[in-house]
Structure formats: structure tokens, C-alpha cells
Amino acid sequence: MKLVFDRPKSMKDTVMHYCPGCSHGVVTRIVAEAIDILDIREKTVCVAPVGCAVFLYEYLNLDVTESPHGRPPAVATGIKRARPDLFVFTYQGDGDIAAIGLAEILSAANRGENFSVVYVNNTVYGMTGGQMAPTTMLGQRTTTTPYGKGAMDGRPLRMAEWIASLDGPSYVARMAVNTPANVKKARKTVIEAFRMQLEGRGMSFVEILAACPVGWGLSPIEALARVEKELIPYYPLGVLKSVDSHKAG
Amino acid sequence: MGKRHLMSGAEAMAEAAIRAGCRFYFGYPITPQSELAEYLARELPKRGGVFLQAESEIAAINMVFGASVTGARAMTSSSSPGISLKQEAISYMAGCELPGVIVNVCRGGPGLGNIAPSEADYFQAVKGGGHGDYRNIVLAPSSVQEAADLSYLAFDISEKYRNPVMILCSAVIAQMVEPVEFMSPRRPEEVEKPWALTGAKGREPRVIKSLRLSEQELEEHNRHLQEKYATVKAKEVRYETRYLEDAELVIVAFGTSARIVSTAVETAREKGYKVGLLRPITLFPFPTHVIRKLAERVKKFMVFELSAGQMVEDVEIAAAGKAAVNFYGRMGGSVPSPEEDFEKIVDCYRG
């Protein structure tokens, strides 16, 4: 019999702690597949965030370091500057990257640091119990916006557009993983982003819209529908920037 | 050893770091430590290294964290408020057991304070500074030569114990120009660091982390750290003494305070006062056992600091009530003259 589906080598055989319907598992698998496809597992160092993905080293069969909250881009800068031969990526959530770590991501992007960023945006602080994030939609109820998020709580931040406005990054895209078709596109995009780093082009950045059913108070199916109906119109999908212009969508 | 160079303490620490094999510096501008960063901005690119001016002190120390993750020798430097910003990552480094060298050219404080000579960051450096049960190894140079020697040494100790090492000095040491001789340049030995992240080639993946959600596992990790600090206390205490043999009054001072008060001690000896000097070179580990032993036979200690009195608490703990502990300190960047210190010594001696 021909084996048509298996666990990527870059993933460990373990049960994930993520909540039912959470998109992190899918994104983790996409990242692992991309690393397998590019055959870079043995030269990869991953920088894990503080947040829901803090246990990334339990799932990825890679060298992984922890990082203080929001600081993965600075930690990755240190790793990559010391060892430019390594493949380095950060995996960050929206609280990590768009709130406490804004200075670090923008500065690293502006320097064009040659590492990759996988940014998982689920519009909420999941790990700490569903508080408001800088990406939370206006009107969205969270445990710290019990009456709905107002404009003066901060308009939802479009990180990919911000990063794409800088000259440093080589590749910036926003994808979603709410449908099989979108998962396939996201996978292709992550591979493309990783390739940019391997070619020494400078920071590659992929934002991935993710569902957080528990944080949103929705069922897994309702949460995927919310990604389609509410998030994608505000956070449009696509390749926002590519130094290989023919690859820009 | 060889040629003598005329340099500031800040530049001497920078040059010694390069000679110790440090090739990665990450920092953010702040006085009075700028000369250290500027020296490395000039020298590191020429000598196969990387100088990076970060967006903040927070980012700079996290870059040190990152370089250290790969096993590379890395350093940052700053001054008091900037050092406060680095504390989170220093705690992470201690928890993750990552080496790294941090220079604090201390300002007068609290808050923005001033850039005049102060040593009021003793508590912050010695007692932890960041969150959790951890210790920095803290070195306190008293001359430009010693600043160079300790900068060179810091990388070895830091790697040996996989722990952050902080060099604490005032602007006097950083800005003062003195002759200095350097150790020979070296590359850090290409020893395999069985913890470093280098890509999991032909081996199991490695993880660098401080997170341990299980109480039992975290307590075990803490016990391991405490055992390490106990080893550091047993093996790494460094200090200088003068005239302790027949001393009735022992002056305890470090860094700049020690430099100034040592002149007063010489004057006191010339005038027949039986005064000795104990100068801790390592502030953690602290020469507790030396003071404890002295407390059995001397009448008094007198602590001189450029602060409201911080190290004096450690001297009191060490003296354990067996000898009186007096204190004289200047704050806010004010520095006493040797004559002023001498008067205080005489008052204490007679009092």
C-alpha cells in the first residue's frame, strides 16, 4: 500500500493542548510541512512566543527556544546575527506581536533581518482567558471588553499592511486556515516565505487568521464562519509584498 | 600581557571583551556608558563581529539572549534606567541558564537621576533585579586595568556557570583614562556546548526554556539553580585586602568608593591608626566568610558606598552582631574626597 498521508518529520508524535476548533494545530502542521518540504529541519531554530503557542517545543521536532513575551524578533535577530547559516523563524500571536512586541517586530522588519515570522492572529488573548487584543474587532466582546470593544480601546491593527509598508521585508502575506482551500494556500505561502529567507532576501512575514472558538464563545464551526464573514473583509487575504514581483498575488 | 594602552575604562572593557572572544554586541545609547558601545561599533566589524544598535534596551538584551542561545559569546551594556529595562530578559536568561555579559555604568538615581558617579544599583545587581529566585554574578572593578581584567574574565565565568554576569561600576571607572595592559586575544575554545541550539542535525532536538508548569519540576529546577549559586559562592569569591593583620577598624568598600577610601586608609596608617581595607571584587558572591572571620577579632567595620547604604546590609549580615558596622555614603552622584573619608574614619575609630 502506498502511504499518502503521514506526520511530518518536523512534528513530534504527541497530543496538543489546544482547545477544540483552535487553528494553532493546523498552522503548526503547515510550518512543519514547509520545513520538511524545504529539507531544512536540521538547520532550523524556532523562537516560540509567550501565549497559546508557548508549548511549541512539545510539538515541533526542532531546536526551539523560549522568548520573553513580545521579544521573539529580538531573540531571532540575535540568533540569526550569530549564526546566519541557520534557518530561523518566530511563531507569534497577536498579543505578542501587535501589543507588547510592536517595537521589536517593526524594528526587526525595518532592518530587514533575514528570518521568517509566522504570525497567528485570532483577535484575542487566548492563553490568559480571552482578553482584548490590538486585533480585536470593534464591538467584539471579550473578558476585558464585556460591553464590546470601542474605538478608543484601539482600532484593530492590520499588522501585515504595516510590515509591508517597510522597505526591509522581502515578503509579506496574509492567509487564513478556515477552509481546506485556504489551508492549501497558506501552506504554499509559508513555503514561499521560508524560501525567501533561504535565499537571503530579508524578513518574510506571514499573518494567518485563526479561529479561537473558546475565546470567542462560539462553536468550532461558527468560529470558522466568523473568520470568513467578519475577519477576512477587514483583514484581506493575499500577498501584500514580494521582492519577486511575479510571485506577488 | 604586553603593551600598555592609555584608555578609558569603558573602552578597556570593550577591548577586553573582544579579546575574550565576544563577537556580538547589542546596545542602546545612554550616558555614561556610550564610549563602550562606540568603541565596539568601530572595532567589531573590523574584527569579524557584529555591532547592532537596538531599538531599546529591552530588545538589546533579548538579542544577547538570542546570540547566547547559539552558544556565542555576547554582551550588552547600559546605565541604570536601561539596566532596569533589561531585568525581565536577565531573569529569563538565569531561568534558561544562558550566559551573557551585562555592563552597568551606574548613574545617580532613582529615576532619570543624573550621569554623575554612583553605585546605588548594588541591590538591583546583587539581589536579583528581575523576578524570581535567581542571582547574577556581579563584578566590581576599581581601576581601568581591573575593568579590563574583569571584562575578560566575565565571559569565562558566565559560560562556566551558564549564568548572566554583570559588571557594575560608576562613571568614574568608565570615564577615567589610565594605562592598561590587555590579555592576549583569543577565540573562545570550540568546545561543544551540549545545550546550544544549532539545528537538530543528527541529534535529538534541544529546547531552551524557563517555563515549567508543574510545581514539582519548577521546584527541582530552582533547587538546581540554588545549588549552582552555592558552588559560585564556594569558588568564585574575589576580594582585595590591605592591612588586615592588626586592624582594629576594617573599611569595606567596592569600586569607586574603594578607590577613594583606599587613599584615606593610607593616610590613616601613616598617622598610626590601625585601619584595614577589605574590597569585595565580586559583589555576588560576597566575601561573607572573610567578614565573619574578621568580626571575631576586629572592633568595628565601616562601610563606604556611593549610595544611601546597600552593601552595608550584607556586611551587617556577615558581621552577625559580633562587631559594630558603621556607614558613610554619598548619594546622587556626589563623590567624597579622600580627606572627607579620612575624617569619617578617624571619627569612627575614636568614637
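Okay, so let's start with one pair of residues: Thr65(A) stands opposite Ile208(B), which sits in strand 9 of chain B. Keep in mind that this is a predicted model. That pair belongs to a place where the two chains share strands: strand 2 of chain A, residues 63-65, runs parallel to strand 9 of chain B, and two bridges join them.

Now let's zoom out to the whole contact between the chains. How many residues of chain B are in contact with chain A? It's 35 residues of chain B, and they meet 28 residues of chain A. On the chain B side, the elements giving two or more residues are strand 2 (24-27), strand 3 (50-53), helix 3 (57-69), helix 4 (80-96) and our friend strand 9 (207-208). Which one gives the largest share of that side? Helix 3 of chain B does, with nine residues. And if you sort the chain B side by class, you get 23 nonpolar, seven polar and five charged residues.

Helix 3 comes back when we look at the inside. A general point before that: in soluble globular proteins, nonpolar side chains tend to be buried together. Here, the largest nonpolar core has 199 residues, and the ones with the most contacts inside it are Val118(A), Ile208(A), Met13(B), Ile251(B) and Val303(B). Helix 3 of chain B gives the most to this core, again nine residues. Both domain 1 (4-185 + 223-235) and domain 2 (239-350) of chain B put residues into the core, so it lies between them.

Leaving out residues up to four places away in sequence, Ile208(A) touches Val27(A), Val118(A), Tyr119(A), Val120(A), Asn121(A), Met175(A), Ala176(A), Val177(A) and Ala186(A).

Last stop: strand 5 of chain B, residues 100-106. Is it buried or exposed? Seven of its seven residues are buried. In a regular strand, the side chains alternate between the two faces of the sheet. For strand 5 of chain B, both faces are covered: Gly100(B), Ile102(B), Asn104(B) and Cys106(B) are buried on one side, and Val101(B), Val103(B) and Val105(B) on the other.

And who are its neighbours? Strand 4 of chain B, residues 74-78, pairs with strand 5 in the parallel sense over four bridges, with Ser78(B) opposite Asn104(B).

Methods: Residues numbered from 1 in each chain as written. Chains lettered and ligands numbered in written order. Predicted model: local features only at pLDDT ≥ 70, side-chain atom pairs only at ≥ 80, totals over all residues. Contact = placed C-beta atoms within 7 Å. Nonpolar A, V, L, I, M, F, W, Y, C, P; charged D, E, K, R; others polar. Pairing = 2+ DSSP bridges. Core = buried A, V, L, I, M, F, W, Y, C linked by C-beta atoms within 7 Å. Buried ≥ 20, exposed ≤ 12 C-beta atoms within 10 Å, placed from the backbone. Domains from an automatic or database assignment.
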